[in-house]
Amino acid sequence: MTFHAHQGVILRAQSRFAAFGAALILSVLPALAEPTHGIAMYGAPALPADFDHLPYANPDAPKGGRIVYGESGSFDSLNPWILKGRAPWGMGLHVAETLMMRSIDEPFTLYGLLAESVETDEARSWVEFTLRPEARFSDGSPVTVEDVIWSYQTLGTEGHPRYRTAWTRVKSITSPGPGRIRIEFTEPDRELALLMGMRPVLKKSQWEGRDFAASGMEVPIGSGPYVVAAVDPGRSITFRRNPDWWAKDLPLTRGLQNLDEIRYDYFGDGGVVFEAFKAGAVDVWRETNAAKWAREYDLPAVASGEVVKEEIPHRRPSGITGLAFNTRLPVFRDWRVREALTLAFNYGFINRTVNAGDAPRIASYFSNSELAAAAGPATGRVAELLAPFAADLPPGTLEGEPLPAGSDEPVNRADMRRAIKLLQEAGWTVQDGVLKDAAGTPFRFEILLAQGAAETGQVVDIYLQSLARLGIVPTVSTVDAAQYVLRTDSYDFGMAWYTRALSLSPGNEQRLYWGSGVADQPGSRNWMGIASPAVDGLIAHMGEATDPGEFTATVQALDRVLTAGRWVIPVWYSPVDRIAHKARLHHPETVPLYGDWPGFLPEVWWSE
């Protein structure tokens, strides 16, 4: 997936990335006095009402062909909108649709899909959508206002926690007229008007008399471009493009959904999936390891040109990846303990061993973007935003202390000395070679890993050697994908490998990631158990910000708090997306702002 043959493409993409950054800063807040074709978090949508197609789609892309993905684990449900069960990844992508569709070439902008228009007030205390009269489910029945209202109410009360949190801020959902849905909020929220356009719309009559929250294998009826063609429970699922898809001629979808068939095959673990890709049974593989990308793709299929390696640039934030502390456990509640264990994680040596030293470390949750906290002490508006929470801020928040860099040597003695001192201050000392508290209780915890994640296992193996020098010998449990989900959903771990992608327009979803309101809610993404007034307050202020400058400063302040909290030992990120794929698969030359993000592969790709 090296982009050597497309250097011009990269340069054009990079110039567009810079332009979008400038546009975000210079945009002004428009008052939507009447229905419009799209809505942006700040400013106006980049595309006019009469746009012909999305800039990263090829309107002349041929239809046909297929793509086969490999997934690790299994599935036991076809309902991806609830907490119970494990549904195939593709169910939520290919079968159901939302009122609005996100453009991945803008920070956060939606254009009408099931809805032909959207309207809101300047304060965004309400939002109103008008349905397209031609919208149809795959069985030919119309998508109605009743379907929308039922879907929103059901998801908000019986659906996955990711739907419930935002629903608590909805005061009412009504139909003020034919084809219209009006949602009023308990208080103004700039992002909530957009989020309400991104919920799946399901067919009400299919679910009548049934328990929506119960896991099952009944195929949902959706209005999306694909229908389920075949299911081998737990092993594979195939989606077939619907030739009668109601939206196939919309400008918004021109050049999208080109493949006739999308198939997901399930394997025991990620290592087996990669072997299946090398054997030709899987058509595409996303590589996250720079060293493997450099040394493990000397394959006959690559040499013959049957498989292509591409590096696709992006300007997404790094997000956070690494070992998450479960601070619900007493041993991890003290920040000094978390700092000590972070110091023991010798990133320099681990990076050299695992990535040949080529991977940049995640310096903060929003690294690789203008939303990242600046190095050094907090100043200006960021310092002002943090001031009300000064008494509760994690140490180092205002100072902006960098993460320990480690060294190329197996042991970084300076960092280990600091770690021992912090542990002693927290009441832990080495007694007979074992780290114990004053009562003689050993420092014990479990590291939970998913089966087949060879890279994370290698990282943990190296880390264990450093922990042993502190008198710490954790239990390491490697479980299958289903057990990993079950145990992380119930917070049954000490440390676990955690990944959370972040966008250029963070908002209400941050409550699901680090909000105190979900810290003890099963199935939330707040694995760490973060319960911080500063985090909650800054997330709330993000939703209230009315201009890009205030929004950016708020995210930078949040970035400081999250990083200084020492809730995750961060590893590395990549400023490019690495994709190896069959040469018959193609994508447009124009690369979207978000790179390989949902909405890119397979949506804009085609087969020849």
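Let me begin with a term: a residue is called buried when its relative accessible area is under 20%, exposed when it is over 50%, and partly exposed in between, using a 1.4 Å probe and protein chains only. What we have here is a predicted model, in which local features need pLDDT of at least 70 and side-chain atom pairs count only at pLDDT 80 or more, while totals for chains, interfaces and linings use all residues. Residues are numbered from 1 along each chain as its sequence is written, and side-chain values use heavy atoms, with hydrogens and water left out.

I will start with the charged pairs. Side chains of opposite charge can pair when their charged atoms come close. A salt bridge is taken here as a side-chain nitrogen of Lys or Arg within 4 Å of a carboxyl oxygen of Asp or Glu, and by this rule the count comes to 28 salt bridges.

One of them joins aspartate 139 to lysine 203, with the closest N and O atoms 3.5 Å apart. Aspartate 139 lies in the loop between β7 (126–131) and α3 (145–158), and lysine 203 in the loop between β10 (200–201) and α6, so the pair ties together parts that are 64 residues apart in sequence. Helices (H or I, at least four residues) and strands (E, at least two) are DSSP runs, numbered from the N terminus. Aspartate 139 is partly exposed, at a relative accessible area of 43%, whereas lysine 203, at 12%, counts as buried.

Next comes arginine 316, whose salt bridge with aspartate 577 has its closest N and O atoms 2.7 Å apart. This pair links distant parts of the chain, 261 residues apart, since arginine 316 sits in the loop between β15 (307–313) and β16 (320–325) and aspartate 577 in strand β23 (residues 576–582). Arginine 316 is buried, with a relative accessible area of 11%, and aspartate 577 is also buried, with a value of 11%.

Which residues are linked in a network of salt bridges? They are Glu128, Lys171, Arg180, Arg182 and Glu184.

Valine 219 is partly exposed at 33% relative accessible area.
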